Amino acid sequence: MSIKLGCSLSPQVDANSTVNLKLDYNGLALIYKSKSELMEMKHDFQDNRLQKRTLEKNQALFKACNNRQKSLKTLLDLTAGWGHDSYLLASQGLQVTMLEINPVICLLLQNSLENSRNNQDETTRCLNLINISSLQYLQSRPEKADCIYLDPMFPIHKSSAKAKKPLQFLQSLTRNIDLEQAFELSLQQAGNRVVVKRPAHAEAFNNHQPDIVYQEKTIRFDVYLSKPES
Ligand SMILES: C[S@@+](CC[C@H](N)C(=O)[O-])C[C@H]1O[C@@H](n2cnc3c(N)ncnc32)[C@H](O)[C@@H]1O
């Protein structure tokens with residue numbers, strides 16, 4: 001994978017914060033440092049919680065991203081992030097292309113993918129990561145994916161409980177870039193459906209009302225079915 005450099009910390013973090021990459025005998029890690037906090041994060045697809053979630057066959061993510069016949073085969077994830085949703089979907093047999101715009105996230109994710117492949121994790125063989133803006137990718141008119149998946153960063157609520165570490169790192173490193181335009185293009189390009197992850201009570205993405213909604217306690221998945229070409 002080639003990585004395009006050129007990024008800075010999100011404007012939401014305070015001006016004295018830094019994120020460093022650390023490589024030692026335990027592998028690659030990110031270190032976040034601010035006046036009041038020091039956090040380290042590694043990425044590992046073998047994480048127990050992620051592995052357990054592959055067994056929850058009834059979860060809304062799986063229902064939203066395939067049909068009852070399980071006939072969808074390919075998925076394009078426009079917002080790979082830490083690749084958790086992509087991994088879960090690949091564990092169900094989907095061939096997943098992950099797009100991620102942020103080079104630092106891509107580096108950690110690619111390193112983790114290669115470690116898992118070396119450890120014979122078959123699921124990671126169904127994942128392919130590309131460091132690119134999803135809008136740019138879609139504009140290059142790629143081969144149609146059966147399902148296009150979108151998980152934009154949710155707005156940060158100052159009043160709510162502190163986010164978990166992986167999300168805190170995402171919030172300090174990155175943000176949503178041109179996802180409304182990418183969503184509109186996806187509606188034209190998806191072979192069968194577009195799926196958008198939303199906070200449970202948020203308005204529909206870009207004000208498009210979905211055809212189907214799969215609701216969980218704090219999140220929901222809005223499904224937009226592709227109309228047959230006339
Ligand atoms: C909420 S996170 C996705 C989390 C992911 N679903 C997971 O399971 O880990 C959103 C990600 O989308 C990425 N992103 C935002 N705009 C993008 C764009 N135009 N193209 C590609 N990635 C983008 C951000 O850098 C961030 O990593």
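Trainee: How do the residues of the shell around the ligand divide into nonpolar, polar and charged?

Mentor: This is a predicted model, in which local features need pLDDT of at least 70, side-chain atom pairs count only at pLDDT 80 or more, and totals for chains, interfaces and linings use all residues. Residues are numbered from 1 along each chain as its sequence is written. The shell divides into 11 nonpolar, 9 polar and 4 charged residues (Ala, Val, Leu, Ile, Met, Phe, Trp, Tyr, Cys and Pro count as nonpolar, Asp, Glu, Lys and Arg as charged, and the others, Gly among them, as polar). Of the 24 residues around the ligand, Thr79, Gly81, His84, Asp151 and Thr174 come nearest (a residue is near a molecule if its C-beta atom, placed from the backbone, lies within 6 Å of it). Helix 3 (84–90), strand 5, helix 5 (134–139) and helix 7 each supply at least two residues of this shell; helices (H or I, at least four residues) and strands (E, at least two) are DSSP runs, numbered from the N terminus.

The setting includes an open sheet of 7 strands, ordered 6-5-4-7-8-10-9 with mixed pairing (two strands pair if DSSP finds at least two bridges between them). Strand 6 (127–131) and strand 9 (212–215) stand at the edges with a single partner strand each, so one side of each lacks a neighbour in the sheet. Within the sheet, strand 8 (residues 193–199) and strand 10 (residues 219–225) pair in the antiparallel sense over 7 bridges, and proline 199 has isoleucine 219 of strand 10 as its bridge partner.
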